[in-house]
Amino acid sequence: MPELPEIMSRAGEMKRALVGKTIADIEVLQPKCLNVTVKAFRRGLIEARLLDVTCRGKWLFVETTQGWLLINLGMGGEILLARRGALPKKRRLIVDFDDGTCLILNFWWFGYAHYAPHDKLGKHAMTAKLGPNALSITARELNEIVKGRRGAIKSLLLDQTRIAGIGNAYIHDILFMARLHPLRKMHTLNEREIEALAKAIEKGLRPSAGKGGAFYEVNLYGKPGRFKARDILIGYKEGKACPACGTRIEKIKTGSTSTFICPTCQPLKLGKRKRKK
DNA sequence: CGGGCTGTTGACTC
DNA sequence: AGAGTCAACAGCCC
């Protein structure tokens, strides 16, 4: 499940590998991943030269001389660089370049490959509403985002219009490092806790971003990320000992998703006074 | 073999 | 505002 560390890594790889190339052809095997017709998509991007690749949250922004290619991998999938003669089996969209290489998009369940002309990028609703990147938010900004809201902190962290890039894989360790229960209400958070959360977002995403993403995702060349299972503190480690206190890690339902927590380190009821002195 | 689970997002309802 | 539900339909696990 690609989240900010993976998408940042893919953006860097794509920038290094693709800038300067010109799109020669596009083959769409799954038209429903587009926001326009196959014809309009091809007309928009064929003959475009790639200028830059960046990301905002889980979206890749490929800037070309003819507008933007916007990619979201949804619940999973790969972006691979290959040659026309040696394509991977699974593929839903193929972008051919003028030098015989091609970019293959595969979505596990579904994903998006959208086209926006230069002057329509601001009208692309799914990206226009994105909040600031999770790795560029300061404690002060986080405080502003949290202020006046009443919902659970987990739903805020996953709300891409407030904070872009966190998904349900990295969130377990972020909440654990902030010592916050996922269902804590935002209006009960004090300044110290918000500051801890801002630090935890950084600590939860930056190491993986520096290692090319998580081990369960592959890069443009098919190589898995170097952020390993042992680098994860409590996510997906139900029944194992909490690294901070030894309590058994639990998996709890939080709305329609689950969260792994340490019930000792992340109590839901915030005692006004700490027990034990 | 089959049922349950999992990730993202928008649309929709209450 | 926010919580809940659903739909899109692959692949792994038991």
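Helices (H or I, at least four residues) and strands (E, at least two) are DSSP runs, numbered from the N terminus. By that numbering, Tyr236 sits in the loop between helix 7 and strand 9. The model is predicted: local features need pLDDT of at least 70, side-chain atom pairs count only at pLDDT 80 or more, and totals for chains, interfaces and linings use all residues. Residues are numbered from 1 along each chain as its sequence is written, chains are lettered from A and ligands numbered from 1 in the order in which they are written, and side-chain values use heavy atoms, with hydrogens and water left out.

**DNA strand B**

- A residue is near a strand if one of its heavy atoms lies within 4 Å of it. DNA strand B has 17 residues around it, and Met75, Trp108, Phe110, Tyr236 and Lys251 come nearest.
- Of the atoms of DNA strand B that come within 4 Å of the protein, 57% belong to sugar and phosphate.
- The surface near DNA strand B is made of seven nonpolar, six polar and four charged residues. Here Ala, Val, Leu, Ile, Met, Phe, Trp, Tyr, Cys and Pro count as nonpolar, Asp, Glu, Lys and Arg as charged, and the others, Gly among them, as polar.
- A polar contact is a pair of N or O atoms within 3.5 Å; within protein, one must be able to donate a hydrogen and the other to accept it, and residues adjacent in sequence count only if both atoms are side-chain atoms.
- The side chain of Tyr236 places an N or O atom 3.0 Å from a phosphate oxygen of DNA strand B.
- For Lys253, a polar side-chain atom is 3.4 Å from a phosphate oxygen of DNA strand B.

**DNA strand C**

- DNA strand C is surrounded by 13 residues, the closest being Lys32, Trp109, Phe110, Arg149 and Arg150.
- Sugar and phosphate make up 50% of the atoms of DNA strand C that come within 4 Å of the protein.
- Five nonpolar, two polar and six charged residues form the surface near DNA strand C.
- Arg149 uses its side chain: a polar atom there lies 2.4 Å from a phosphate oxygen of DNA strand C.
- Arg150 uses its backbone: an N or O atom lies 2.8 Å from a phosphate oxygen of DNA strand C.

- Tyr236 has a phi near 60°, a positive value in a residue other than glycine.
- Tyr236 counts as partly exposed because its relative accessibility is 44% (buried means under 20% relative accessible area, exposed over 50%, partly exposed in between; 1.4 Å probe, protein chains only).
- Met1, Phe215, Tyr216 and Tyr236 form a nonpolar surface patch with about 370 Å² of accessible area together.
- Patches are made of residues with over 30% relative accessible area and no salt bridge; like charges are joined within 9 Å, and nonpolar side chains (Val, Leu, Ile, Met, Phe, Trp, Tyr) within 5 Å.
- A salt bridge is a side-chain nitrogen of Lys or Arg within 4 Å of a carboxyl oxygen of Asp or Glu.
- Accessible areas come from the Shrake-Rupley method with a 1.4 Å probe; for residues, only the protein chains shown count as cover.

**Other loop residues**

- Glu47 lies in the loop between helix 2 (38-45) and strand 2 (50-56). Its phi is near 80°, a positive value in a residue other than glycine.
- Glu47 counts as exposed, because its relative accessibility is 62%.
- Cys242 is in the loop between helix 7 and strand 9. Cys242 is buried, at a relative accessible area of 4%.
- Cys242 and Cys265 are 23 residues apart in sequence, and their C-alpha atoms are 8.6 Å apart in space.
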